[in-house]
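Subject: Structure for your review

Dear colleague,

Please find below the structure that I would like to hand over to you.

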Amino acid sequence: MIYFWQRYRILLAERQKHFVEEQQVKAMRKRLEEAENFYGSIRKVRHEMKNHMANIKGLAGAGEYGEIEDYIRRMDETMQELEYKYVTGNAVTDVIINDKYRRAEKAGIRFDADFRYSGEISVFVMERRHTPGYNETERGCVPCDGNAARGRWGR
């Protein structure tokens, strides 16, 4: 009987270890996906900026200075739309919280955040578990994912 109990305890420990490792792999996959999205958006912005510069140079070369002013005004309006709604005092947490806000908005979920970064905790950009606010936004948004019923919201 003691032998079976010992084997049972070993089996439970192995299962728990496997579960933890599986969760770590899932978290790493998600972090990699977030990094890929981030770098993809940077590449897109660089591409768009090159196009904008080519357009402005072409208009300047043609002497279309009024068109340049209109073009820059439209670019400014677009930039205003891309401003972050939530500013925490830290670029990393700003990206995380505003990403959660945009996801919630797309899903029809009201989102509100009240988070300020005091600067007391060191932030390593790619290490999610050390990013202030990350886990809080995950816990706040996950219950709402896929349940965008009218009136649902994440905080």
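The following paragraphs set out what was found, from the overall layout to single residues.

Please note that this is a predicted model. The secondary structure of the chain consists of four helices and two strands, and these elements follow one another from the N terminus in the order α-α-α-β-α-β. Of the 155 residues in the chain, 21% are buried.

The aromatic rings come next. Searching the whole structure gives five aromatic pairs. One of them joins Tyr86 and Phe111: the ring centres are 5.8 Å apart and the planes stand at 75°, so this pair is edge-to-face, given that planes over 60 degrees apart count as such. The pair connects distant parts of the chain, as its members are 25 residues apart. Tyr86 lies in the loop between α2 and α3, whereas Phe111 belongs to strand β1 (residues 110–111).

Are these two residues buried or exposed? Tyr86 has a relative accessibility of 10% and therefore counts as buried; Phe111 is also buried, with a relative accessible area of 10%.

The last point concerns the surface. Glu64, Glu67, Glu69 and Asp70 form a negative surface patch. Among them, Glu69 is located in helix α2, which covers residues 65–81. Because its relative accessibility is 60%, Glu69 counts as exposed, the cut-off being over 50%.

Yours sincerely,
A colleague

Conventions
Residues are numbered from 1 along each chain as its sequence is written. This is a predicted model: local features need pLDDT of at least 70, side-chain atom pairs count only at pLDDT 80 or more; totals for chains, interfaces and linings use all residues. Side-chain values use heavy atoms; hydrogens and water are left out. Patches are made of residues with over 30% relative accessible area and no salt bridge: like charges are joined within 9 Å, nonpolar side chains (Val, Leu, Ile, Met, Phe, Trp, Tyr) within 5 Å. Accessible areas come from the Shrake-Rupley method with a 1.4 Å probe; for residues, only the protein chains shown count as cover. A salt bridge is a side-chain nitrogen of Lys or Arg within 4 Å of a carboxyl oxygen of Asp or Glu. Lys and Arg count as positive and Asp and Glu as negative; His and the chain ends are not counted. The place of a charge is taken as NZ of Lys, CZ of Arg, CG of Asp or CD of Glu. Buried means under 20% relative accessible area, exposed over 50%, partly exposed in between (1.4 Å probe, protein chains only). Rings of Phe, Tyr and Trp (its six-membered ring) pair if their centres lie within 6.5 Å; planes under 30 degrees apart count as stacked, over 60 as edge-to-face and the rest as tilted.
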